[in-house]
Structures are given as C-alpha cells and as structure tokens.
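Reader: Before any numbers, I would like to see the model. Then please take me through how to read its features.

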Amino acid sequence: MSLITLKNVGYRVDQTPILTDINLTIDAREWVTIAGPSGSGKSTLVRIIASLLSKTSGELVFDGQPIESYDPIVYRRRVSYSFQQPTLFGNTVRDNLAFPYQIRQLSFDEERAITGLEYVGLTASDLDKAVNDLSGGQRQRVALLRNVMIYPEVLILDEVTAGLDAENKAFVWSMIQHFNQDDGLTIIAITHDQEEIDAAKRLITIEDGRLVGGSL
Amino acid sequence: MNLAVNNQSLVLALGLVMIALAIGWHEKLGIDRDMIIGVVRAVIQLFVVGYLLKYVFRLNNVWLTAILILIIIFNAGYNAKQRSNGIPRALPISIGAILISTTVTLGVLMLAGAIKFIPSQMIPISGMIASNSMVAIGLCYRNLNAQFKQERQAVLEKLALGADLKDASKEILRDSIKTGMQPTIDSAKTVGIVSLPGMMSGLIFAGVDPVRAIKYQIMVTFMLMSATSIGSVLACYWAYRGFYNERKQLTI
C-alpha cells in the first residue's frame, strides 16, 4: 500500500492557482526527487505534504487516512520537513539536538546525539559549541541531524544541499542515502542540482504548478 | 490642605501653554491646532470628570462604583485593542486580561486592608491599575506582531519538527511578556531617584507627611507590578494562538 497519495491536489492563493491537479503516489521507503524551475510550486507541494500549508482542493491520504484526520502536530512528527538554509535555535548545538526531545517531554538522549555528531563529521565536544561558530555546511548537518534525532517515517528535504560546497554536498548526500537505505526512511527531496537529478531513483518534474514529467 | 490652585491661578498658568504655542509657531512645527485641541479637550474632560466624581463620591453607591470601574476597564480594553494590529479576538482578550488583572489586584489590596470599597478610593486606584495594564497589553501586542514576523522562519521550523503551538511560540511569548512588564520594572527601579510619581507627589503636594506618602507609593508600585504581570501573561497566552489557523499552521 502506498504511504502518501495525492489525488487532484490543488492550491490557490485568492484566485491565483499555485498548484493544479497534482496526482502522485509515494510508497514507503521510496526516494523521490522533485525538480523544476524556481517558482514552479515545488516548495508549496512539499509544504502541503508536510502539513505546513493546507491544500485548497483534492485529497491527500497518508497511511490510509486523509490528512485532515490527523492532529497536525502528531502528523509532523511522522512527516518531517527540513528547510533550505535552516535556522538553528538557542545558543548551542545541544539546544538544537535536544529540541525534538523537549517537545515530546522526553529526556535528551545524549549518547545518540554524540553518535550522530560523529557520524556527520563533528565531535562530542561540538555538542556545546555555539551555533554561531558553525560553518554553513556544519549548520546544515546539525539541522538535518535535528530532523532525525527521533526518526520520522518521511523526511522532506527542501534543497538542503543548495549553497553547499562539493565536499559538504557529498556528505549531506551520503547522510540522506543512509537514512533511506539503512534506516528505511521515505525521502522526498527537492533539488536543482544536476548531479542529484541524474542520480535520482525516481524523478518528478513540476512546471507552472503541474506535474509534467518523470515517473509519476 | 495647603493647595492654592484656584480659577485665577489656572488662567495665569495658561501662559505656560502660550509658551508651547509660541515655540510651535516659531519653529513651524505645524502642531498649534493639535495643541489647542489638546488643551481644550483636557480642560473640558477634567472638569466633567471632576464634577462627576464629586457626585459619585457623595452618592457612595456600591453599584454605581462597580459600573464606573467596569466602564474604566472597557475603555482600557478598547484602547489596548487599538494596538493589536489585527490580532484576532483582541477586544475580548484585552477586556478579559484587564478585568482579571484589575480584580485580582484590587481584591488583594482590599483583603490587605490597604483600600476600602468606597468610590473615592476604588475609582482612582482602578484607573491606575487598568491604565497600566492597558499600556502593558498594548506593548505585548506590538511585540507579538513584530516577533512573529521576525522569527517566522524559526517558528516554521519548530512546527515542521512537530512542536506544538506553545513550544513553537515559547521564546516569543517570553519576550512579549517581558516587554509588557519592562516599563513597570524600570520605573520601580528608579522610583524616588529619578521621578516622584503621581500618587506620592499629589499627597505631598496636598500636605501629607512624605513618610506617609511613600507608603502609598510603595503600595502603588506593588499593585502595578501585579497588574502589568497578570495583564501581560493573560493577553500574550490568549493572543498568540491567533497567529495560527485551526490546522496549527502559521498564518503570518
């Protein structure tokens, strides 16, 4: 059974259509890459899937139930969204990695945080490093780690490698691969990067708010 | 009483307004009309209030006193709402927050025996409490609006991580409550050093022993702390949900 199904999903602001008749089925553990020109509606589409925006028409079914039947907070813990140029919270790396635990009233799993930091090329001592002292690539890694401290089922990535140098890009790419292949997360990733598009397992192209190509 | 303000001295004091008008005219500030309207309004409003209060104090009726307090609270709530800049349900929130902050503060003062339920005490004190609560709530609204705009991205990211509305807004709430209370805290820190506030000055002016007058001022400081903190907390906690829709999405 598919994990996410969109039937004729549309989104308009006043009378201006941003997305029109989107039909899409995504299975669990799939890795879907979404490409398309700027302003084509890619971010709007994934924000609707992340429940940060509500579609204005059509149906969105997640795990057999319409999205409206879920409490948005519970839903977002299952379908996590990672932003392009993320904002880090508070003062230190710890503040960020502890946030997913705080909002669930759980105690912070410091061991897991350290394992995560080491996995993304940082060290245990970086846990108390000020977020302002991190480089762009390090910020993106910490932000991504924050999304997966407690695993979601779906990880939505909105151009998370944009603006990173080749080395950091490759690193983040390998992180995503690990989440998908080893941990079974469903990945929906927006990208402009030609290499990532060429390597896509399943590519979907969107133009002027409509799905126009790829494996629908 | 050693007060010596009579109608004649008031007319002479009008000369002070002339100084302000002359400055405005000479510097071409273009505010002479506003100034004249302001002065005329102040004189008329204060005379009306003076005679009204005299009548109410003489009548000494519990219900009339309560109604006047409610009118003060409604006016304060309406004014605070004007600072809300589109925050949903700002009028009931403002009135509710001012009503509760005023009632609690007055209640404690009465239980402590500091004031009695008589119009000459209840009405001026209610006015002081409600107006301070009103200013605090107005500041809270302005800060909520500014912070939700400024911190929009951070709030979105917290929501995307599955934070509930309170967790996503926590820093903004904290900052806004602090902003609402700040003027009261600042003036508490400088009271007596920088300014001799209205209550105390009035009593000293009217011939009351300064040591007695400061006790009233201490009471006022305490009561304004309570009024602005209760007002700010309630208004912020009731108002922040207005920045989200029923699907718990940020609408700003």
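Author: Start with contacts: two residues are in contact if their C-beta atoms, placed from the backbone, lie within 7 Å. In chain A, among contacts between residues at least 6 apart in sequence, 71% join residues at least 24 apart. For chain B that share is 73%. The model is predicted: local features need pLDDT of at least 70 and side-chain atom pairs count only at pLDDT 80 or more, while totals for chains, interfaces and linings use all residues. Residues are numbered from 1 along each chain as its sequence is written, with chains lettered from A and ligands numbered from 1 in the order in which they are written.

Reader: How many helices and strands does the secondary structure of chain A come to?

Author: Helices (H or I, at least four residues) and strands (E, at least two) are DSSP runs, numbered from the N terminus. Chain A has seven helices and ten strands, whereas chain B has nine helices and zero strands.

Reader: How many residues of chain A are in contact with chain B?

Author: There are 20 in chain A, facing 14 residues of chain B. On the chain A side, α2 (72-78), β6 (79-82), α3 (93-102) and α5 (136-148) each supply at least two residues. The largest share, four residues, comes from α2(A). That side divides into twelve nonpolar residues (Ala, Val, Leu, Ile, Met, Phe, Trp, Tyr, Cys and Pro), three charged (Asp, Glu, Lys and Arg) and five polar (the others, Gly among them).
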